Amino acid sequence: MDLIATAGYRAMAAALRLGVFAALSPTPLTAPQLATTLDTDPRGTALLAEALVAFGYLEREGDTYSNTAPTEKWLSGKGYSEVDRFWSTVLFESWDGLEDSIRTGKPALDFYGWLSDRPETLERFQRMLSSHADSIAPEVTTHVPTGSSLLDIGGGHAKYAIRLCKANPTLHATVIDLPEALAVGEEAVTAAALTDRITLRPGDYDELDLGADHDTILLFNVVHGRPAEANRTLLTRAAAALRPGGSVVLLEHDEHSEDRAGDAFARVFSLNLFHGQGGQVYPTTEIEDWLHTAGLTTITTHPLTTSPGQSLITATKPT
């Protein structure tokens, strides 16, 4: 059954890349009509359509194919289909060499280097992160303590900095990330008319000076992409960059979830992180240990309702 399920997902990925679902929204088409619309081979198109019917992505009435209701909702437009297009590329292209990662204990792939060689996939990745931030920012930012200085480490799309600055007129923020990530953030900051209060610093945050006396430092979806020792070092540096009473806030995936599908995703995601970056989805207890070692206290965890399977972890520098 694993073979059949994998083949079905691969067929869906091919359909997304070819534009099958968009072409069938909202008008049902015969296989020859679909092939004409997509400029594809008629026989191959018909065989793909039949496979998609078998896996529940399409339905057929006579010679005419149409999207099923879930396909129409999730895969025919630009929304969730972009997520599936990204992950299908990752799973079917970047996982070559996974066995070597597991055999050696070291990443067989430089994930961000791999992305840089694929500009379309990199852009899709950045837009996906930005879109997810848009959906959860209203909840996330209500649990982030602020003052006058915010440092967002690895928050290239700048969506959290923007929302926090809008809610706190005296807040100034600095966002550190790689140049290709900040390209998305630059557009968003300019559109929000916050270029005077949000500074974008391109570079490697393991090498850049993190500054001092920040009230808040965000590390959202950062530590899971790094080995444990690198996280200990980064959190120690972050703690040193805080003022007394300031807070470090992490956004991370939960290692385990009560939801079976969510739990399965976390485990696959963890394996992907190990293969491409040397990281993993870390247990909350291990993250708390890093925070304690960095000299931070009053550690709290807030599970997100807008993104089940993710939690905010907040720790404070003693006064």
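Does Asp39 count as buried or exposed, and at what relative accessibility? What follows from 71% relative accessibility is that Asp39 counts as exposed; here buried means under 20% relative accessible area, exposed over 50%, and partly exposed in between, with a 1.4 Å probe and protein chains only.The model is predicted, so to speak of local features a pLDDT of at least 70 is needed, while side-chain atom pairs count only at pLDDT 80 or more and totals for chains, interfaces and linings use all residues. Residues are numbered from 1 along each chain as its sequence is written, and side-chain values use heavy atoms, with hydrogens and water left out.

A view of the whole chain comes first. The protein chain has 14 helices and ten strands; these are DSSP runs numbered from the N terminus, with helices (H or I) of at least four residues and strands (E) of at least two. Taken along the principal axes, the C-alpha atoms of the protein chain fill a box of roughly 75 × 50 × 35 Å. The protein chain has 319 residues, of which 48% count as buried.

Two helix pairs can now be followed in the structure. Helix H1 (residues 2-18) packs with helix H6 (residues 79-94) at an angle of about 125°, and their axes are 10 Å apart. The axes are lines fitted to C-alpha atoms, for helices over the stretch in contact, and angles run from 0 to 180 degrees between N-to-C directions. The angle makes H1 oblique to H6; angles under 35 degrees count as roughly parallel, over 145 as roughly antiparallel, 65 to 115 as roughly perpendicular and the rest as oblique. The crossing of H1 and H6 is left-handed, a term for a near helix turned anticlockwise from the far one by less than a right angle, with right-handed used if the turn is clockwise. On the H1 side, Thr6, Tyr9, Arg10, Met12, Ala13, Leu16 and Arg17 take part, and they meet Ser81, Asp84, Arg85, Trp87, Ser88, Thr89, Leu91, Phe92 and Glu93 in H6. Seven nonpolar, four polar and five charged residues make up the contact of H1 with H6. In this grouping, Ala, Val, Leu, Ile, Met, Phe, Trp, Tyr, Cys and Pro count as nonpolar, Asp, Glu, Lys and Arg as charged, and the others, Gly among them, as polar.

The second pair is helix H9 (residues 119-141) and helix H11 (residues 179-191), whose axes come within 10 Å and cross at roughly 50°. H9 and H11 are therefore oblique to each other, and their crossing is right-handed. H9 brings Leu122, Gln126, Arg127 and Ser130 to the contact, and H11 brings Glu180, Ala181, Val184 and Glu187. By type, the residues of the contact of H9 with H11 are three nonpolar, two polar and three charged.

Pro119 lies in H9 and is exposed, with a relative accessible area of 59%. Pro119 and Glu180 are 61 residues apart along the chain, and their C-alpha atoms are separated by 9.6 Å. Ala188, in H11, counts as buried at 14% relative accessibility. Leaving aside residues up to four places away in sequence, Ala188 touches His157, Lys159 and Ile162.

The loops hold several backbone details. The peptide bond from Ser25 to Pro26 is cis, with omega near 5°, and Pro26 lies in the loop between helix H2 (20-23) and strand S1 (29-30). Asp39, the residue of the opening question, sits in the loop between helix H3 (31-38) and helix H4 (42-54). Asp39 has a positive phi of about 60° although it is not a glycine. Asp213 also has a positive phi of about 60° without being a glycine; its loop runs between strand S6 (198-202) and strand S7 (214-220), and Asp213 is exposed, with a relative accessible area of 52%.

Ala241 is found in the loop between helix H12 (228-240) and strand S8 (242-253), and is buried, with a relative accessible area of 1%. Beyond residues up to four places away in sequence, Ala241 touches Leu210, Gly211, Ala212, Asp213, His214 and Ile217. Ala241 and Ala212 are 29 residues apart in sequence, with 4.2 Å between their C-alpha atoms.

Definitions and conventions
Contact = heavy atoms within 4.5 Å.
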